[in-house]
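Thanks for coming. I will go through one model today, chain by chain, and then the places where the chains touch.

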Amino acid sequence: MKLGIKITLQNQVLDVQGRAVQKAFERDGLKFDDCRIGKWVVIDTGSLDKESSMNLIKKVLDQGLYNPLIETYCIEELDNK
Amino acid sequence: MSVKPIGVLQFPGSNCDHDVFKAIQRVHKKVRMLWHRDHLQIEDYAGFVVPGGFSYGDYLRSGALAAMSPAAKDLMEANKKNYPILGICNGFQVLCELKLLPGALLKNESLRFIDQWVHLKITNANKTWVKTEKTHLQLPIAHGQGRYYCSEETLKSLQDSRQIWLQYEENPNGSVMNIAGITNKDGNVCGLMPHPERATADWMGGTDGLCFF
Amino acid sequence: MGYASSDLDQQLKKYKITHKEYEIILQLLGREPKDLEWPIFSALWSEHCSYKSSRFYLKKLFNKSDRVLEAFGENAGVIDLGEGEKVAFKMESHNHPSFIEPYQGAATGVGGIVRDILTMGARPVALANFLCFGEPSRMHKHVDGVVRGIGDYGNCVGIPMITGRTEFDSTFNDNVLVNALCVGLFGKNDPIVSSKARGTGNYVVYVGAKTGRDGVHGARMASESFNAADADKRPNIQIGDPFYEKLLIESFLEASKKQLFVAGQDMGAAGLISSSFEMASKGQVGMTLDLDLVPLRDENMTPEEILVSESQERMLVVCEPKKFSELQNLFDRWDLDAVMIGEVIEERKIKILVKGKVVVSIDPDILVENAPQFERPYESSLKTKKVIPKIQNLTESLSTLEASSKEWIYRQYDQRVGTQTVYDCHEEIGVLRLPSERFLGVALGGRARWMAEDPNKGGFNALFEPALQLILKGIEPLAATDCLNFGNPERPEIMGQFVEALEGMNSVAQTLSIPIISGNVSFYNETNRQNIIPMPTVGVVGLGHLKKLPSSFFSQEGETLWLLETKSSPLDFLKQIDQWIREHQPSYTRLVTKQGLSLAISRSVTKNIGAQITTTVNPWEESLYQVLVSLPPTITLKTTENIQCTSIGKLQSGPLTFEQETLDYSQIKKLRQQAWRQHFYGLS
């Protein structure tokens with residue numbers, strides 16, 4: 001099955017990319033309050049069922065897909081298209 | 001008769017702006033620094049150089065935020081009037097974001113920044129920006145996002161229109177067809193990843209950059 | 001209202017203040033500390049900020065010469081190079097953060113040292129780094145993270161990396177060392193920026209990034225050892241933004257040139273507290289600080305968090321009210337905030353306001369000038385002789401980790417931005433070409449092996465070796481900086497190492513007249529009671545006197561290769577070598593270091609030029625000190641009372657022929673690259 005993992009910086013961590021993007025667009029006349037930039041990772045676990053897939057993904061995350069010191073994540077089930 | 005200066009665009013984060021400025025001076029040309037937020041007085045200049053560095057930290061996409069600035073957008077107007085425009089490294093990335101040059105520069109295949117000297121072949125000479133009879137050059141590269149990419153269709157068009165300007169003898173970053181630099185169809189806009197301004201004296205390690213500008 | 005004993009203990013533990021220090025505070029204040037005074041004492045009296053364990057001994061270091069304009073007491077050392085030119089330089093450590101979060105730890109380490117140079121009013125023009133890792137198999141994540149962190153930050157901020165050193169030793173398994181050095185160049189005849197606040201009524205202006213929760217209590221983290229339960233260290237990760245730093249560099253230098261402020265200081269360890277207190281104390285003035293005016297990323301920050309935050313890329317400046325508007329406009333042009341957060345006052349007090357009320361009113365000298373200073377007890381240091389594996393042939397030698405090519409590391413650094421680089425990381429030292437067209441050299445020193453064996457010898461070597469490296473390239477050493485990386489200073493044997501190493505370094509400094517004018521102390525490199533071997537690292541800066549620099553690589557076919565060895569006094573050896581370099585101006589010189597003669601010669605081979613070597617000297621072991629020089633065959637060097645001279649071969653076009661082996665340039669290169677890959681397989 002396909003799972004989408006949204007990896008973002010933890011709320012209290014400074015997002016230097018988001019800050020630069022926000023300021024640049026503001027200079028161009030397009031203002032918004034905040035901008036946070038993260039990563040979208042799509043993993044296809046093949047024919048594994050939901051429980052096994054989740055276990056696999058959790059292992060992948062813990063083994064380094066995300067940095068627990070500064071990042072957080074959430075997992076989404078994606079339609080099998 | 002007074003010679004018009006070359007304008008060097010300066011963005012927040014440009015690092016090679018002063019290097020390019022000095023290099024152009026070394027080749028006895030008049031040169032002026034242009035701030036990104038000021039509109040270009042196009043007619044006052046002989047041409048424009050977009051220098052290397054990390055404009056806006058390379059955030060979002062390399063060169064993307066710089067391409068939004070008034071000076072960068074004015075380059076489109078300058079191109080319509082056929083003004084010479086040169087993009088070096090980050091500058092090349094900006095010109096691609098502006099669609100003044102086709103394709104895009106992606107992360108190096110190794111996913112690491114590479115600093116080294118490379119051997120280049122001049123595949124199709126461009127007399128606007130380089131005065132030399134040489135067929136090969138040695139210049140330094142220093143980039144993390146130098147992998148040139150374009151669709152197969154675009155690649156064919158580049159070949160047919162002789163827009164492939166420089167190619168690496170040994171591909172350091174995975175660029176399609178070893179492309180190190182390209183030009184637009186009219187040949188007035190050129191972009192390259194290597195840094196000619198870093199090869200303008202023997203003590204720098206090479207002088208092939210002197211035939212630029 | 002007194003503290004119940006257990007409450008007091010908890011409070012002291014929370015703020016890492018000892019009972020002894022608490023007694024001193026009671027005396028100085030005449031009462032118990034209250035509210036924000038606790039975090040203020042905690043931050044400023046931490047080891048990292050106050051140097052309480054080391055100041056007593058550091059004062060003994062030789063730190064003066066005709067060229068020294070600024071030494072300890074300022075953010076960086078400054079030396080006069082003549083012709084209107086001067087440079088600022090300093091080395092700093094970021095060890096504990098780099099162990100916890102290698103990428104950000106190393107990146108913010110670079111950011112910090114760059115700001116220390118910037119704050120003097122100098123443009124940062126070169127970087128160097130000294131990295132100490134443990135056994136490769138355990139260090140992939142750290143090597144990868146640290147190198148990428150340093151590279152990404154240095155490259156983006158646009159400062160070239162011109163030299164570096166790495167050491168691998170199991171002693172660093174749980175305590176990596178990341179020492180970063182920065183050199184800054186002042187504009188011709190430009191003044192040095194002062195850090196002394198002055199002028200009653202002048203504005204205290206906050207410049208740069210908004211304050212957030214990053215690195216809250218970071219200075220305390222650097223002042224204590226690791227133990228098993230380190231999960232609570234997690235929120236202390238400082239995030240660096242090299243793009244923002246670049247903006248700060250350009251705007252600060254522009255503002256300095258236009259003389260828009262009278263004093264400036266970067267907000268480094270202990271953030272707003274350290275910068276404001278130090279500026280006020282040095283300037284013998286007071287300040288008001290209104291925390292409600294501090295630009296915040298998170299509106300819910302407490303006053304304490306605001307004070308101790310170590311958000312990066314921030315500076316504090318003092319400017320005259322009439323210049324404030326122009327100052328603000330200048331920073332705004334670079335997309336940076338410049339906000340007035342206080343005023344300079346005559347009364348010698350720092351008054352901190354929260355919601356319009358003064359919550360702290362304290363004499364800055366109490367914190368800065370009167371910070372405790374310990375003459376910690378020490379005993380004779382531990383000495384361990386390292387077991388060096390016996391190497392019998394070139395192929396074996398070139399396949400070791402020590403001999404491995406470090407190109408994987410330094411190819412990730414931009415070594416040429418600024419177009420001033422003459423010698424980069426391929427060479428033994430870094431060299432820049434100044435605007436006056438003279439050469440500025442930078443060399444690093446520090447050898448784990450000699451430190452472990454004898455801290456005094458190791459300390460001597462740490463300053464002697466880079467000085468000799470510079471001299472071999474026709475560069476006169478002018479001044480030095482250091483990073484004193486040691487274990488727990490509360491242990492007498494560690495303090496003994498510290499004292500002995502400093503004595504060794506100082507003997508070189510005094511004899512060769514190389515003042516040690518800036519630096520940093522990193523104590524508590526200890527994990528689960530295991531301390532690192534003493535590891536002071538040194539950076540030496542010098543001015544070239546030759547028109548053409550000798551190279552560490554063979555270039556002249558037919559020249560004779562000479563081996564020069566110390567007979568008795570290394571210092572006399574160095575002086576004689578210096579004389580000969582000036583006289584003969586050789587094209588090739590190289591210091592023999594790790595693994596001795598064989599490796600030094602192999603590394604000197606180029607695509608076109610190798611050598612034919614015949615020697616009776618043991619080529620497989622390092623002995624202090626040996627130097628290689630090539631000279632035209634017409635010149636003969638005679639053994640003197642200080643130097644043993646032996647002709648050991650000839651430079652030839654083609655390969656290296658050594659004892660029974662013949663290897664050419666590409667074979668040597670391949671072996672050394674494989675040696676690296678073998679230990680760091682998996683790192684692309």
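Helices here are DSSP runs of H or I with at least four residues, strands are runs of E with at least two, and both are numbered from the N terminus.

Before going on, the ground rules. This is a predicted model, in which local features need pLDDT of at least 70 and side-chain atom pairs count only at pLDDT 80 or more, while totals for chains, interfaces and linings use all residues. Residues are numbered from 1 along each chain as its sequence is written, and chains are lettered from A and ligands numbered from 1 in the order in which they are written.

Which residues does A:Gln22 touch, leaving aside its neighbours within four places in sequence? They are A:Phe32, A:Asp34 and A:Cys35. Contact means that the C-beta atoms of two residues, placed from the backbone, lie within 7 Å. As for A:Cys74, it is 52 residues from A:Gln22 along the chain, and their C-alpha atoms are separated by 24 Å.

Chain A also meets chain B: 6 residues of chain A are in contact with 6 residues of chain B. On the chain A side, those residues divide into 4 nonpolar, 1 polar and 1 charged. In this count Ala, Val, Leu, Ile, Met, Phe, Trp, Tyr, Cys and Pro are nonpolar, Asp, Glu, Lys and Arg are charged, and the others, Gly among them, are polar.

That brings us to chain B. Its secondary structure comes to 4 helices and 11 strands. The radius of gyration of chain B is 16 Å, close to the 17 Å from the globule rule for 213 residues, so chain B is as compact as a globular protein of that length. The radius is taken over C-alpha atoms, and the rule is 2.2 Å times the number of residues to the power 0.38. Along the principal axes, the C-alpha atoms of chain B fill a box of roughly 45 × 35 × 35 Å. Of the 213 residues in chain B, 53% are buried.

Now some strands in chain B. Strand 1 (residues 6-10) and strand 3 (residues 47-50) of chain B pair in the parallel sense over 3 bridges, and B:Ile6 stands opposite B:Gly47. Pairing requires that DSSP finds at least two bridges between the strands. Strand 3 of chain B also runs parallel to strand 4 (residues 85-88) of chain B, joined by 3 bridges, and there B:Phe48 has B:Ile85 as its bridge partner.

Between chain B and chain C, 24 residues of chain B are in contact with 22 residues of chain C. On the chain B side, helix 1 (17-26), strand 6 (114-122) and strand 7 (136-143) of chain B each give two or more residues. Which of these gives the most? Strand 6 of chain B does, with 3 residues. The chain B side divides into 12 nonpolar, 6 polar and 6 charged residues.

Last, chain C. It has 22 helices and 28 strands. Its radius of gyration is 26 Å, close to the 26 Å that the globule rule gives for 684 residues, so chain C is as compact as a globular protein of that length. The C-alpha trace of chain C spans about 80 × 55 × 50 Å along its principal axes, and 57% of the 684 residues count as buried.

One sheet in chain C is open and mixed, with 7 strands in the order 8-10-7-11-9-12-13. Its edge strands, strand 8 (263-266) and strand 13 (357-362) of chain C, each pair on one side only. Inside this order, strand 9 (residues 286-290) and strand 12 (residues 350-354) of chain C pair in the parallel sense over 4 bridges, with C:Thr288 opposite C:Lys351.

To finish, helix 21 (residues 597-604) of chain C has 7 of its 8 residues buried, so this helix is largely enclosed by the rest of the structure. Among the buried residues are C:Leu597, C:Leu599 and C:Ile601.

Methods: A residue is buried if 20 or more other C-beta atoms lie within 10 Å of its own, exposed if 12 or fewer, and partly exposed in between; C-beta atoms are placed from the backbone.
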